[in-house]
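Visitor: Could you walk me through this model and tell me what stands behind each label?
Guide: Gladly; let us look at it together.

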Amino acid sequence: MMKSKMKLVVPVLLLVAVAAEGGVVYLSFNQHSTQNLFQTRNAVTDQISAFSLSIYQDFSAVSLLACLQYSAFREMSGLSFFAADIGLDYLKPAGAKSAFYFAAGGSGLFYRQTYEAFSALGANLLAAFKTYLAPSSILKLQGQGAYAAYKDNLFDFVSTMASLSIDKYFATRTTFKAEAEWGYKYFLHPFLPEPAEPLLEPMATVAAPNGMGTGSGSGQGWGGADYQGGNGFIPRTSSEGGGAGIGHVSLSVLAAQGLGDVVGLSVSALRQWIVTGENPFLSIEEFYLVQNPSSDAFSWDGSQFNGRLTLNLPWSVEIKAGYTYADKTFPGVESLSLEGEPLGIVRNDLRHLVEARVEKNFRRITVFLAFSRVDNRSSDPLFNWKGHYIMAGFEWNLPTGRKGGIS
C-alpha cells in the first residue's frame with residue numbers, strides 16, 4: 001500500500017519541479033545500522049534504509065515545500081513507514097530591518113498494519129517576527145500551533161509553542177544566543193474507560209521469552225494480552241475520560257566561536273521545567289528513527305548540555321564531533337522493576353551521547369558517514385542500555401526549470 005502511494009505521488013512532484021522555474025529538488029538515501037532499535041535493555045538490532053525526496057519551489061513572495069520519505073526496516077518490517085509533508089511559507093518585509101514570516105503545512109504518516117496505531121494526519125501553523133536591534137543583534141519572536149489525529153486516538157493532540165530569542169554577533173567571530181520558550185500539549189482523549197473487572201498486571205510480559213517484549217511495546221508489537229488499546233503504550237484508566245495537558249517552559253543559551261577558517265567550537269545548555277500537568281501515559285519509550293507521539297519535548301523536566309567541534313578541511317571535507325549530556329525526569333511516569341512492580345520513584349534518565357560525522361561535498365552531491373554512541377542510565381532498569389548507531393548515505397540537490405539545469 002505504501003509503495004503504491006509513492007508510485008502515484010513521486011512522478012507528480014517530479015513533473016511539477018521540472019516544469020517550474022527556480023525550483024530545487026533534494027534527493028537523499030541513508031543506510032542505518034542500529035544495535036538497539038527500541039532503546040531498552042532488550043537490545044534489538046536492525047538495518048534501516050531511508051529514502052527522501054524534497055522539492056522547494058519559490059513563487060515570488062510565496063514558497064512551496066513538499067517532501068516524501070520512505071523508511072524500510074529489514075527485521076522489524078512492521079515499523080516501515082511512508083511520510084508525506086507539504087507546506088507554504090510567506091515572507092513579508094516590514095521596513096529595512098524587520099520582517100514577518102508565516103507558514104502553514106499538512107503531513108501524513110503511514111505505518112504497516114502491525115504498527116498502524118502510529119499512523120497520523122496532521123497540520124501546523126507558524127508565525128514569526130524578526131528584527132535587527134543593532135547591526136550585529138537580532139530579535140526573533142515565534143509562535144507555532146499543531147494538531148495531529150492518529151489511527152489510535154489515544155495519541156490525538158493539539159499543541160502550541162511560543163519563543164523569544166536574541167542573537168548577538170561580534171567581530172571576533174563569536175556568537176551568543178539566548179532563547180526562552182513556553183509550550184503546552186493537550187492530549188484529547190488519552191484515557192481508557194475504567195474497567196468493570198480488574199486488569200491483568202500491565203507489565204506481565206516484561207520478561208518475555210524472546211527477550212524483546214515488554215508490557216509497553218518494546219518489541220512484541222502492540223495489542224498484547226496486557227493491553228488491548230491497539231498500541232504498546234500503557235494509558236491511564238479513568239472513569240471520567242476527557243483530555244490531559246502538559247506544559248513546559250525552557251531557557252537555553254549557546255556560545256559559538258570560529259577559529260580561522262578551519263575550526264568552529266560551540267557549547268550550549270538547556271534547562272526545561274514542567275509547569276503544569278504530567279504525562280498521560282504510564283510508560284514512555286523511544287524508538288530509533290520512529291516518531292513517538294508520547295516522547296518529545298513536552299514529556300520531560302531537566303537539563304541538557306552540548307559541546308561541538310567542526311573542522312573545515314581541504315578538498316571540501318568537513319568533520320563534526322559532539323558530546324551531549326542529558327538529565328531528564330518524566331513527571332507522571334513511575335519506575336518499575338523488571339518484574340513490573342512499582343519502585344516508588346519517578347523515572348529519571350541520565351544519558352551520554354557521543355557523535356561524529358565526516359562528509360565530502362561535491363558541486364551537487366554530499367556523501368557522509370556518521371557514528372553515534374549512547375549510554376543511558378535510568379531509574380527504571382528496563383531503560384538501562386548502551387548501544388551505537390552507524391549511518392552512511394548521500395544527499396543530492398539539483399536546480400530545475402529553464403533557469404536551472406542539472407550538473
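Visitor: What is the bridge partner of Phe100 in β6?
Guide: In β6 that partner is Phe129. Before we go on, this is a predicted model, in which local features need pLDDT of at least 70 and side-chain atom pairs count only at pLDDT 80 or more, while totals for chains, interfaces and linings use all residues. Residues are numbered from 1 along each chain as its sequence is written, and side-chain values use heavy atoms, with hydrogens and water left out.

Visitor: What makes β5 and β6 a pair of strands?
Guide: Two strands pair if DSSP finds at least two bridges between them. β5 and β6 (residues 120–134) have twelve bridges and run antiparallel, so they meet that definition. The strands themselves are DSSP runs of E with at least two residues, and helices are runs of H or I with at least four, numbered from the N terminus. The protein chain has one helix and 18 strands.

Visitor: How many bridges join β6 to β7?
Guide: These antiparallel strands share 14 bridges, and a hairpin of two residues connects them. Leu126, for instance, has Gln144 in β7 as its bridge partner.

Visitor: Which strands does β16 pair with?
Guide: β15 (residues 317–336) pairs with β16 (residues 342–361) in the antiparallel sense over 15 bridges, with Thr324 opposite Leu353. Their hairpin has five residues between the strands, and Gly340 in the turn has a positive phi of about 90°. β16 also pairs with β17 (residues 365–378), again antiparallel, over 13 bridges; the hairpin there runs through three residues.

Visitor: How many aromatic pairs are there, and why is the pair of Phe29 and Phe394 called tilted?
Guide: The structure holds 17 aromatic pairs. Rings of Phe, Tyr and Trp (its six-membered ring) pair if their centres lie within 6.5 Å; planes under 30 degrees apart count as stacked, over 60 as edge-to-face and the rest as tilted. For Phe29 and Phe394 the centres are 6.4 Å apart and the planes at 40°, so the pair is tilted. Phe29 is in β1 (residues 24–34) and Phe394 in β18 (residues 385–399), so the pair ties together parts 365 residues apart in sequence.

Visitor: Why does Phe29 count as partly exposed?
Guide: Buried means under 20% relative accessible area, exposed over 50% and partly exposed in between, with a 1.4 Å probe and protein chains only. Phe29 has 22% relative accessibility, so it is partly exposed. Phe394, at 32%, also counts as partly exposed.

Visitor: What kind of pair do Tyr150 and Phe157 form, and are they buried or exposed?
Guide: Tyr150 and Phe157 form a tilted pair, 6.4 Å centre to centre with 35° between the planes. Both residues are buried. Ring pairs link them into a cluster that includes Phe38, Phe81 and Tyr111.

Visitor: How do you know that a charge sits over a ring at Phe383?
Guide: The test asks for NZ of Lys or CZ of Arg within 6 Å of the ring centre and within 35 degrees of the ring normal. The charged end of Arg347 sits over the ring of Phe383, 3.7 Å from its centre. Likewise, Lys185 lies over the face of Phe157, at 4.3 Å from the ring centre.
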